[in-house]
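Work through the following exercises with the sequence and the model side by side, and try each task before reading its solution.

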Amino acid sequence: MANVRDLKRSINRMIYDVVDECYIIQLYNASKTEESDAFIDDAADFQEEIMSEIKKAKGKKDFKAIVEKVEKTQEEWVKRLNKMQ
């Protein structure tokens with residue numbers, strides 16, 4: 001990430017993509033509604049948590065840890081979405 005603004009935009013896009021995908025899953029498979037709603041809640045909680053960490057971060061080391069956490073979470077979410085489909 002080049003800067004904090006890009007990091008925040010990336011996180012917001014990631015959250016939007018998860019929510020969008022969950023709604024698509026609900027549209028085509030109503031039995032997955034409860035599971036996808038829980039995923040949306042998890043995504044919202046993650047967004048709040050990570051934005052708080054960004055505000056508290058002081059230097060490059062802190063931001064590097066945040067970026068790694070976001071990337072790890074992103075990989076986990078892709079797997080989770082694939083299992084839901």
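**Exercise 1.** Is Ser 36 buried or exposed, and what is its relative accessible area?

*Solution.* This is a predicted model, in which local features need pLDDT of at least 70 and side-chain atom pairs count only at pLDDT 80 or more, while totals for chains, interfaces and linings use all residues. Residues are numbered from 1 along each chain as its sequence is written, and side-chain values use heavy atoms, with hydrogens and water left out. Buried means under 20% relative accessible area, exposed over 50%, and partly exposed in between, for a 1.4 Å probe and protein chains only. Ser 36 has a relative accessible area of 0%, so it is buried. Ser 36 is found in helix H2, where helices are DSSP runs of H or I with at least four residues, numbered from the N terminus. Not counting residues up to four places away in sequence, Ser 36 touches Cys 22, Gln 26 and Met 84, a contact being heavy atoms within 4.5 Å.

**Exercise 2.** Find the aromatic pairs in the whole structure and state how many there are.

*Solution.* Rings of Phe, Tyr and Trp (its six-membered ring) pair if their centres lie within 6.5 Å, and planes under 30 degrees apart count as stacked, over 60 as edge-to-face and the rest as tilted. The search finds 2 aromatic pairs. In one of them, the ring centres of Phe 39 and Trp 77 are 5.7 Å apart with the planes at 80°, so this pair is edge-to-face. Because Phe 39 lies in helix H2 (residues 33-56) and Trp 77 in helix H3 (residues 60-84), the pair ties together parts that are 38 residues apart in sequence. Phe 39 is buried at 0% relative accessible area, and Trp 77 counts as buried at 8%. Phe 46 and Trp 77 also pair edge-to-face, at 5.2 Å centre to centre and 75° between the planes. Phe 46 is in helix H2 and Trp 77 in helix H3, so this pair links parts 31 residues apart in sequence. Phe 39, Phe 46 and Trp 77 form one aromatic cluster.

**Exercise 3.** Which residues have the most contacts inside the largest nonpolar core?

*Solution.* A nonpolar core is a set of buried Ala, Val, Leu, Ile, Met, Phe, Trp, Tyr and Cys residues joined through side-chain atoms within 4.5 Å. The largest one has 21 residues, and those with the most contacts inside it are Ile 11 and Trp 77. The elements giving two or more residues to this core are helix H1 (4-28), H2 and H3. Leaving aside neighbours within four places in sequence, Ile 11 is in contact with Ile 50, Met 51, Ile 54 and Val 70.
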